[in-house]
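Here are my notes for your read-through. Keep the structure open beside them and check each point as you go.

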Amino acid sequence: MVKNTSKQFQPSTSFEGDFELLAETLPQLVWVLGPDGSYEYCNKRWFDYLNISKSENTRENWVKAVHPDDREMVTQMWYHSTLTGEPYEAEYRFLNAKTGEYRWFLARARAVKNAEKKVLRWTGTLTDIHEQKTILEAQTFLAEASKVLSSSLNYVETLGQVASLAVPHISDWCSVEFIENDALLQIAVAHKDPAKVKWAKKLAKKRSSDVTSNKSISEVIKTQKSVFIPIISQELIERSARNEEELKLVKSLGFESAMVVPIIIDKKVIGVIQFVSTESKKRFNQFDLYTAEELGRRAAMAIQNAQLFESSRQKEVQFQALYDSNIVGVIYSNAQGKIIDANDAFLQTVGYNREDLEAGKVRWDRITPPEYKKDTAKALSEVLKDGMASPWEKEYIKKDGSQVPVIVGSVLINKKTTEMLSFILDITERKKLEQRKDEFISIASHELKTPLTSIKGYVQILERIVQQMGDEKLDSYIQKTNTYINRLNSLIIDLLDVSKIQSGKLTLDFSKFKVQDLIDEVLEGIQQTNSAYKILQNGKENLIIEADKHRLEQVFTNLLTNAIKYSPRTKKVLLNVERKKDVVQISVQDFGIGISKKEQSKIFDRFYRSDAVSKRFSGLGIGLYISFEIVERHGGKMWVESEIGKGSTFFFTIPVKAKKT
Amino acid sequence: MTSQLTPAKKILICDDEESIVEIMNIVLSEKGYQIKTLSDAQDIFKVIERWKPDLIFIDLWMPEISGDEVVRELKRNKKTAHIPVIIVTANKDSQKIANAVNANDYISKPFDIIELENMAEKYL
């Protein structure tokens with residue numbers, strides 16, 4: 001029997017000596033008890049761990065070192081073994097008296113029996129399995145947590161479950177907080193005691209939700225790194241408590257150890273998970289921190305997945321609604337012509353039914369008329385190259401052989417399979433309307449011009465008679481009438497031009513001519529009716545350009561008559577023509593009323609008339625609009641520089657060589 | 001200008017607008033031309049065959065029979081193809097239209113009476 005621990009390291013030849021030597025070398029805590037459980041031998045590690053002397057080595061002190069939660073289980077199992085003589089084996093937390101930390105141990109004991117099977121003594125070991133145990137626990141926890149997180153897209157709910165999983169094996173407390181607009185939003189809190197959870201929830205509500213009020217959390221947000229407090233010292237508690245009440249509270253909870261880990265999405269801390277150990281007296285170590293951080297990462301991933309899924313689901317719902325609404329035709333096709341799917345609106349537009357589609361009878365290449373093949377091919381290469389084609393007009397051959405005008409826009413969905421999504425808008429009604437509008441313009445043109453022709457004709461006949469009579473007074477009246485007839489005529493022409501521009505029917509007739517010839521013609525006409533004004537041309541340009549002479553004459557006339565119209569107090573207008581590389585730049589400068597900065601951007605709009613002008617000067621507000629369009633159609637530019645009270649300069653450029661589109 | 005000794009040149013005017021017909025009649029008669037007017041194109045071929053005009057002014061926009069078809073037919077028919085035809089139109093693209101229907105020339109509404117005179121002189 002082992003008697004004296006002081007002799008333990010002396011070589012011995014006896015069996016007892018050998019046993020003792022072995023027991024002292026083993027990394028485990030080793031003990032030998034009598035059949036009644038009384039102390040016979042314990043190795044040095046045992047005494048060191050419990051930090052007791054031999055005299056203190058009582059059953060009472062051993063039990064005290066067992067974690068309160070494990071005591072009952074340990075007592076029962078030991079009782080069972082002593083009663084039956086069966087081997088004893090248990091895992092429990094055992095207090096390290098020196099560090100104050102509970103560590104996991106595997107306890108094993110065997111009974112030594114005599115020939116009559118009577119128990120002579122118990123020999124046992126306690127193996128420190130703390131590391132393995134925590135690793136296993138952490139792994140199980142993380143696996144469980146992942147399972148929960150992926151079980152539902154409701155991440156608020158799943159994070160709540162994860163917090164519960166962390167308790168009690170990882171920590172005594174676990175809470176999840178989201179940060180929204182710099183405020184903390186507690187979405188989950190767990191503790192093994194429901195009463196305490198209730199209390200914590202109340203506390204979270206009462207507490208200021210401002211993130212800056214919590215030092216650890218604000219640090220986590222700032223650094224995007226965890227805050228790890230392995231030992232919460234009394235001093236720390238006293239330092240961080242904001243008032244007496246809080247200090248009392250925290251002290252009563254017995255904070256032992258804490259970890260705060262971030263939940264990071266897109267490089268931004270969107271929330272934190274807090275772990276606090278209290279009554280278990282557990283002290284978090286690096287491994288616990290790793291586990292906690294891993295949980296933070298997995299939570300972030302789950303939230304991100306849920307958000308992605310939700311946003312893609314929403315998009316899908318939105319698209320499906322559009323698809324089903326049949327407001328617009330939608331087809332899913334490939335570049336070869338196959339239509340994989342189409343909505344009813346499309347089928348209706350082309351006059352086919354779903355059976356035709358399923359039978360593969362509806363292919364976009366087959367229902368595209370030959371005259372649209374070129375445009376379609378161009379749009380298709382655009383889709384394959386840039387991922388989308390801007391909407392273009394074309395026609396489809398309907399099942400009955402007739403053709404339907406449509407606008408098509410496409411986006412590439414899959415580059416490899418060339419699958420694309422296209423929107424098809426039936427524009428039959430619009431085309432009809434356009435046609436009616438054209439007809440109207442044509443009728444209006446005729447209807448307005450016919451009486452004007454008659455008036456003009458009669459007045460001119462009258463003019464001749466009066467001139468023969470030599471009545472100057474009558475003649476002057478007739479001249480005035482002529483001026484108004486011409487004005488009425490140009491108003492009608494302008495209105496028709498606006499309609500043409502609007503319907504894209506303004507065409508240009510290009511010819512080559514000398515710019516100066518055109519200017520001379522225009523100036524002659526204008527000087528005739530406005531002899532009081534001096535139009536001075538700066539720099540004659542002996543240049544031949546290719547443009548629509550008649551349309552450019554309109555632009556010149558418009559700018560010059562405007563310059564005169566809006567310069568009631570001055571009598572000078574400057575015209576400047578110069579070649580600038582590939583364009584000829586023309587400017588018309590007046591010294592009249594000028595245009596405010598605000599209005600400069602609007603004066604080229606259709607029917608726009610500035611407030612300052614509309615009361616003093618008559619007009620429809622379409623002259624500059626038409627001029628601007630004519631210049632643009634030529635591939636030129638038009639702009640204005642002006643100052644109120646000082647005058648305006650209108651510029652425009654025309655390419656020397658026609659850019660025919 | 002025509003002389004009193006040679007027989008006056010004959011101009012046929014075809015327009016549904018009475019006032020315009022009257023104006024053209026006054027102006028061209030003044031110049032000594034012989035004028036016949038039609039308010040529609042229904043009997044135009046018969047009139048041409050019988051009266052044999054030297055120049056035709058025709059409005060393209062007339063009810064019932066479209067003026068452009070008439071002009072095309074006049075230019076297709078060997079018997080009438082030699083007679084100069086001048087279209088009178090309110091359309092801005094008169095030149096294009098004149099080409100399209102094979103007319104010899106055009107006058108755009110509203111025209112100056114001097115244009116009318118010049119046109120007659122040019123073709124007679």
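1. Start with a term. A residue is called buried when its relative accessible area is under 20%. Cys174(A) has 2% relative accessibility, so Cys174(A) counts as buried. Cys42(A) comes out at 1%, so Cys42(A) is buried too. Bear in mind that this is a predicted model.

2. Stay with cysteine for a moment. How many disulfides does a search of the whole structure find? The search covers all chains and finds zero.

3. Now look at how the two chains meet. On the chain B side, 20 residues are in contact with 24 residues of chain A. Together the chains bury about 2000 Å². Carbon and sulfur atoms account for 56% of that area.

4. Next, the charged pairs. Two salt bridges are found across the interface of chain B and chain A. Look at the side chains of Glu117(B) and Arg464(A): they form a salt bridge, with 2.4 Å from N to O.

5. Which helices of chain B each supply at least two residues to the side that touches chain A? They are helix H1 (18-30) and helix H5 (113-123). H1(B) gives the largest share, six residues. Sorted by class, this side of chain B holds ten nonpolar, one polar and nine charged residues.

6. Check one peptide bond in chain B. Lys109(B) and Pro110(B) are joined by a cis peptide bond, with omega about -5°. Pro110(B) sits in the loop between strand E5 (105-108) and H5 of chain B.

7. Two backbone angles in chain A deserve a look. Gln224(A) is not a glycine, yet its phi is positive, about 60°. Find Gln224(A) in the loop between helix H8 (215-223) and strand E8 (227-229). Thr418(A), also a residue other than glycine, has a positive phi near 60°. Thr418(A) is in the loop between strand E14 (403-414) and strand E15 (419-426).

8. Are these two residues buried or exposed? Gln224(A) has 30% relative accessibility, so Gln224(A) counts as partly exposed. Thr418(A) has a relative accessible area of 13%, so Thr418(A) is buried.

9. Last, a loop residue. Tyr372(A) lies between helix H13 (354-358) and helix H14 (373-386) of chain A. Setting aside neighbours within four places in sequence, Tyr372(A) is in contact with Glu393(A), Lys394(A) and Glu395(A). Tyr372(A) and Lys394(A) are 22 residues apart along the chain, but their C-alpha atoms are separated by 6.2 Å.

Key. Residues are numbered from 1 along each chain as its sequence is written. Chains are lettered from A and ligands numbered from 1 in the order in which they are written. This is a predicted model: local features need pLDDT of at least 70, side-chain atom pairs count only at pLDDT 80 or more; totals for chains, interfaces and linings use all residues. Side-chain values use heavy atoms; hydrogens and water are left out. A disulfide is a pair of cysteine sulfur atoms within 2.5 Å. Buried means under 20% relative accessible area, exposed over 50%, partly exposed in between (1.4 Å probe, protein chains only). Helices (H or I, at least four residues) and strands (E, at least two) are DSSP runs, numbered from the N terminus. Contact means heavy atoms within 4.5 Å. Buried area is the accessible area (1.4 Å probe) that two parts lose on being put together, summed over both. A salt bridge is a side-chain nitrogen of Lys or Arg within 4 Å of a carboxyl oxygen of Asp or Glu. Ala, Val, Leu, Ile, Met, Phe, Trp, Tyr, Cys and Pro count as nonpolar, Asp, Glu, Lys and Arg as charged, and the others, Gly among them, as polar.
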